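This report describes the fold of a protein chain and then turns to some of its side chains. Please examine the sequence and the structure before reading on.

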Amino acid sequence: MDDFDIDDFDIKSDLKINKYKLDEECLTHASTYNRYAEMATKSKTELTKAKDKLSLITAQRNIAIREEIIKSGSKVTEKMIESYLEADKEVLKAKKEVREIEEVNATFNAMLDSFDHRKSELDNLVKLYCAGYYSVVGNKKETSTETTEKDIRKNLNKKAKKGKE
């Protein structure tokens, strides 16, 4: 999988949502999702190629091992062939490649699931914003993000107390 590397992606950063910049988050979500979808497709193709290569190498090595055993004058048994194949360096290398690509493919597929959840979170945050959930009570002209977050939390606590009464 020389085309791409999972390390080229900043997974944690791509999943973060800045609730104070929902417009930007919504605008960039689809393109970021698409990057991961393209990589999931490529990794699935690479996985299919790696499995085909493993099958080919296994078949070739199976034939070669049988010929070697026959030349040595020993009796060929399926169990013997399986044992030789399990220890064959070429087969082991191809199996390792399949496992590595399976891991990358699984990671990209998990990211697609995570982006579906991220989309739901964005939808929920936008609904909350539209409903005034993040509005700050008071006439403060300029506030820092930390102050704004404290004010929002106070406002939410007041609403929660009113709801319990």
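The secondary structure of this predicted model consists of five helices and zero strands. Along the sequence the elements follow the pattern α-α-α-α-α. Of the 165 residues in the protein chain, 27% are buried. Among contacts with a separation of 6 or more, 73% join residues 24 or more positions apart. The accessible surface of the chain is about 12100 Å², and carbon and sulfur atoms contribute 51% of that surface.

**Aromatic pairs**

The structure contains five aromatic pairs. Two of them are set out below.

| Pair | Centre to centre | Angle between planes | Arrangement |
|---|---|---|---|
| Phe 9 and Tyr 36 | 5.0 Å | 50° | tilted |
| Tyr 36 and Phe 108 | 6.1 Å | 55° | tilted |

Together, Phe 9, Tyr 33, Tyr 36, Phe 108 and Phe 115 form one aromatic cluster.

**Arg 118**

Arg 118 is located in helix α4 (residues 89–130). Is Arg 118 buried or exposed? Arg 118 counts as buried because its relative accessibility is 6%, and the limit for a buried residue is under 20%. Apart from neighbours within four places in sequence, Arg 118 is in contact with Asp 14, Leu 15, Lys 16, Ile 17, Glu 25 and His 29.

Technical notes. Residues numbered from 1 in each chain as written. Predicted model: local features only at pLDDT ≥ 70, side-chain atom pairs only at ≥ 80, totals over all residues. Heavy atoms only, no water. Helix = DSSP H or I, 4+ residues; strand = E, 2+ residues; numbered from the N terminus. Buried < 20%, exposed > 50% of the residue type's maximum accessible area, 1.4 Å probe, protein only. Contact = heavy atoms within 4.5 Å. Areas by Shrake-Rupley, 256 points an atom, 1.4 Å probe, with all protein chains shown as cover. Phe/Tyr/Trp six-rings, centres within 6.5 Å; stacked < 30°, edge-to-face > 60°.
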